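Q: Please take a close look at one part of this model, the packing of its helices. Go through the contacts one by one.

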Amino acid sequence: MLQRLDELAAHLATREDTVAVLGLGSAGAQRGRLDDHSDLDFFLIVEEGATGRYAEATDWLAAPCPVVYSFANERHGRKALYADGIFVEYAVFTVAELRRVAFRGARVVWRRADAPPGLTESDVPEPRPPFDTVEFHLNEALTNLYVGLHRELRGEHLSAARFIQGHAVDRVIALLRLSEGEPPYRDLFDPSRRVERTYPPQLLPLAEMVPGYRGNAAAARAILDWLGARFPIPAPLGARIEELLSK
């Protein structure tokens with residue numbers, strides 16, 4: 001995987017309108033995350049006026065190995081599959097465009113001698129809730145359960161699942177982070193990444209909290225019980241949730 005990125009960077013270094021290649025995710029600064037199931041994430045930094053060409057064409061991408069599948073998943077980038085099974089997701093930016101992108105943990109794979117410094121650092125704030133406190137995450141989880149159970153009773157099972165088994169569980173993970181300490185290799189953009197490796201089932205019973213489409217009430221009960229065993233539940237809201245669970 002990393003060799004593929006090195007080969008790709010070596011080819012791009014021969015082009016006059018490329019500036020740098022940055023590895024991200026498990027190909028970035030946190031290479032300890034890399035395993036057989038990782039994909040290859042990177043940014044290609046190019047000269048002004050070259051973004052569209054590199055984002056739309058894949059001839060340069062195919063230099064180290066044939067590309068058998070690709071599609072544009074955003075204006076700046078694509079997802080693609082190499083013939084040997086390596087899956088890549090990348091975006092193409094100019095230096096000025098890169099300054100407006102939120103990212104963390106980048107690694108310089110290759111940079112032109114005259115490339116500006118600081119390419120691996122982003123000043124754009126990472127996505128985060130308005131408050132990162134126990135009070136916020138607890139009450140968000142409870143209100144997610146409340147709204148989700150109403151939608152479940154209305155017959156909106158998919159929306160209910162997203163509130164109960166998605167949003168509320170994200171808040172549970174945040175509460176664990178605050179109480180158990182910062183986990184290794186935390187993904188700032190997706191709190192669900194690597195939680196199974198970080199928290200044992202006795203601490204985070206995901207099978208009970210995320211049982212599936214028809215399991216919203218059972219999931220809400222598991223999450224409410226988990227929260228109640230660790231934090232004081234505001235009585236008025238707790239009583240309302242219990243009423244919904246009894247219907």
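A: Helix H4 and helix H9 cross in a left-handed sense. This is a predicted model. H4 covers residues 134–154 and H9 covers residues 235–245. Their axes come within 10 Å and cross at roughly 25°. Angles under 35 degrees count as roughly parallel, so H4 is roughly parallel to H9.

The H4 side of this contact consists of Leu142, Thr143, Leu145, Tyr146, Leu149, His150 and Leu153. They meet Leu237, Arg240, Ile241, Leu244 and Leu245 in H9. By class, the contact of H4 with H9 holds nine nonpolar, two polar and one charged residues.

H9 also packs against helix H8, residues 216–228. The axes of H8 and H9 come within 10 Å, with a crossing angle of roughly 150°. Angles over 145 degrees count as roughly antiparallel, so H8 and H9 are roughly antiparallel to each other. This crossing is left-handed. From H8, the contact takes in Ala217, Ala220, Arg221 and Leu224. From H9, it takes in Ile241, Glu242 and Leu245. Five of these residues are nonpolar, none is polar and two are charged. Ile241 and Leu245 of H9 meet H8; Ile241 and Leu245 also meet H4.

H8 in turn packs against helix H5, residues 157–180. The H5 and H8 axes come within 10 Å and cross at roughly 20°. H5 and H8 are therefore roughly parallel to each other. H5 passes H8 in a left-handed crossing. On the H5 side, the contact is made by His157, Ala160, Ala161, Ile164, Gln165, Ala168, Val169, Val172, Leu175 and Leu176. On the H8 side, it is made by Asn216, Ala219, Ala220, Ile223, Trp226 and Leu227. The H5 contact with H8 divides into 13 nonpolar, three polar and no charged residues. Ala220 of H8 meets H5; Ala220 is also part of the contact with H9.

Now H5 itself. H5 has 24 residues. At 1.5 Å a residue, H5 should span 34 Å. Its end C-alpha atoms are 32 Å apart, which agrees. H5 bends by about 30° at Val169. Val169 is also one of the residues in contact with H8. Just after H5, Gly181 takes a positive phi of about 100°.

Definitions and conventions: Residues are numbered from 1 along each chain as its sequence is written. This is a predicted model: local features need pLDDT of at least 70, side-chain atom pairs count only at pLDDT 80 or more; totals for chains, interfaces and linings use all residues. Side-chain values use heavy atoms; hydrogens and water are left out. Axes are lines fitted to C-alpha atoms, for helices over the stretch in contact, and angles run from 0 to 180 degrees between N-to-C directions. Helices (H or I, at least four residues) and strands (E, at least two) are DSSP runs, numbered from the N terminus. Angles under 35 degrees count as roughly parallel, over 145 as roughly antiparallel, 65 to 115 as roughly perpendicular and the rest as oblique. A crossing is left-handed if the near helix is turned anticlockwise from the far one by less than a right angle, and right-handed if clockwise. Contact means heavy atoms within 4.5 Å. Ala, Val, Leu, Ile, Met, Phe, Trp, Tyr, Cys and Pro count as nonpolar, Asp, Glu, Lys and Arg as charged, and the others, Gly among them, as polar. The expected span of a helix is 1.5 Å times one less than its number of residues. The bend at a residue is the angle between axes fitted to the seven residues ending there and the seven starting there.
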